[in-house]
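Here's a quick tour of a protein model, written for someone just starting out.

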2 protein chains.
Amino acid sequence: MTYCVAIKLDAGLVLMSDTRTNAGVDNISRFRKMYTWEIPGQRAIATMSSGNLSITQGVINRLSAAIKRAEAGEEIETILNAPTMFRIAQIVGETMVAMQERHRSTLIEQGAGADALILVAGQLSTGDHRAFMVYSAGNFIEATEDTPFLQIGEHKYGKPILDRVITPQTPVNVALQALFLSMDSTIRSNLSVGMPCDLAVIPTGACRFSTLRRINPEDEDWQALSNTWADAIRGAFEKLPEVRLE
Amino acid sequence: MTYCVAIKLDAGLVLMSDTRTNAGVDNISRFRKMYTWEIPGQRAIATMSSGNLSITQGVINRLSAAIKRAEAGEEIETILNAPTMFRIAQIVGETMVAMQERHRSTLIEQGAGADALILVAGQLSTGDHRAFMVYSAGNFIEATEDTPFLQIGEHKYGKPILDRVITPQTPVNVALQALFLSMDSTIRSNLSVGMPCDLAVIPTGACRFSTLRRINPEDEDWQALSNTWADAIRGAFEKLPEVRLE
């Protein structure tokens, strides 16, 4: 499985993904789920993916190949020249549909799943910062004021802490803390989600990544947060009112 | 959906279930998931169920009907005269298989699911307190020293807090607090799990229920714990170390 979150704050986009994939429990590998593209000051875009890895890697490969062809002079639309974040989400959706058309029927014939989800988040200097969730069918939804975060993969373990903390007005540093704890809880409770993690921050209006970090298990911030939280949970527990037994 | 937990502590069994069922999101009802049987000082048994409600209600009806027939003088084995908790789990499993044989093929023919899970927990004066999870196929697993709690239904949201707190040595009052918070987190994050909840405690060796409580949303303990925890989470958050943005 996988766990990836895109949070859309008034202050910017905060993104985190794990790196574990598994085909069964005895075939566990490490693959980057987060890919980023940047023309500093003009556009910063990130994708994170879950589901069938051959499908999502295929989508990323096609997006990258298109960028190379455009750089070589070919006149094609890519996520680096598309005019809006909405159009970029459409391009990812169209590429998803192409991959599904190529592989879905044979995958299902052989008893495998072809489903995949891709989070697309970013900002162009010509528009607002936005975050989308692209489905296998190429359609997508967008994070809004009411639902400022999108999760894919093993999303349930880490949802309560995000539900409690995240609003559009949450500052980036607080969202980061909530995101670390959301990932920490998921990794503690589910073997199919694992370190290291990738973290990205795109501050509103900057159109560049202010943070692009690989978080390893020995990362000092990770350990400090994980340990402080574990202590705080224990401390909070000790102060809880008793439940009457009668 | 549903959320039910059975915790097996050295000090006793602590059980909690919600009461929400849904067939789609527009057909939500309230059904008790927890059933209890008690011969004080001799045996205390509880079941909690998830999955197809017609199947699990059918199992409970058959278990209860057998008890009535035995009380009327018929010589049949029931969960109130079975010699061990293990045999009681087998009886629940056999009853599950009978219900599956009766309805599964027609249910599946019509596109519905027949899967169901039943937690069976209790103690007989002749043996140890035990907790089992009975599957649709009638087979079952048991809570052990390594895994002292069993969850059915929407188990992921509320697992992290149990993972952090519950060991066999956890006292009953602390386990109760963790269980309330586990249920609280699940209800906050998933519409298909809802109040009121049912709570039962069987202290080790007592062979009776020391606690049998229906917890309503306005329950004072529930509100105090839920609010104190929400405040503590916010307080703990404020004391978290910062994540470096570079």
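Predicted model: local features only at pLDDT ≥ 70, side-chain atom pairs only at ≥ 80, totals over all residues.

- You'll find B:Pro196 in the loop between α4 and β11 (197-203) of chain B.
- A:Cys207 is an exception of the phi kind: its phi is near 55°, which is positive even though the residue isn't glycine.
- To spot A:Cys207, go to the loop between β11 and β12 of chain A.

**Two helices packing in chain A**

- How do α4(A) and α5(A) pack, in terms of angle and axis distance? Their angle is about 75°, and their axes are 10 Å apart.
- An angle between 65 and 115 degrees counts as roughly perpendicular, which is why α4(A) is described as roughly perpendicular to α5(A).
- On the α4(A) side, the contact is made by A:Gln177, A:Phe180, A:Leu181, A:Met183, A:Asp184, A:Ile187 and A:Arg188.
- Facing them from α5(A) are A:Asp221, A:Trp222, A:Leu225, A:Ser226, A:Trp229 and A:Ala230.
- Sort the residues of this contact by class and you get 8 nonpolar, 2 polar and 3 charged.

**Two helices packing in chain B**

- Over in chain B, helix α4 (residues 172-189) and helix α5 (residues 220-238) pack at about 75°, with axes 10 Å apart.
- That angle makes α4(B) roughly perpendicular to α5(B).
- The α4(B) residues in this contact include B:Phe180, B:Leu181 and B:Ile187, while α5(B) brings in residues including B:Trp222, B:Leu225 and B:Trp229.
- By class, the contact of α4(B) with α5(B) splits into 8 nonpolar, 2 polar and 3 charged residues.

**Where chain A meets chain B**

- How many residues of each chain are in contact with the other? It's 45 from chain A and 46 from chain B.
- Together the two chains bury about 4200 Å² between them, with 60% of that on carbon and sulfur atoms.
- Three residues stand out here: A:Arg164, A:Phe237 and A:Val243 supply 18% of the area chain A buries against chain B, more than any other three residues.
- There are 4 salt bridges across this interface.
- A salt bridge you can look up joins the side chains of A:Lys156 and B:Glu154, at 2.8 Å from N to O.
- On chain A's side, the elements giving two or more residues are α3 (159-165), α4 (172-189), β12 (211-215) and α5 (220-238).
- Which element of chain A gives the most to that side? It's α4(A), with 12 residues.
- By class, chain A's side has 23 nonpolar, 8 polar and 14 charged residues.

Definitions and conventions:
Residues numbered from 1 in each chain as written. Chains lettered and ligands numbered in written order. Heavy atoms only, no water. Contact = heavy atoms within 4.5 Å. Buried area = accessible area lost by both parts, 1.4 Å probe. Helix = DSSP H or I, 4+ residues; strand = E, 2+ residues; numbered from the N terminus. Nonpolar A, V, L, I, M, F, W, Y, C, P; charged D, E, K, R; others polar. Axes fitted to C-alpha atoms, helices over the stretch in contact; angles between N-to-C directions. Parallel < 35°, antiparallel > 145°, perpendicular 65-115°, else oblique.
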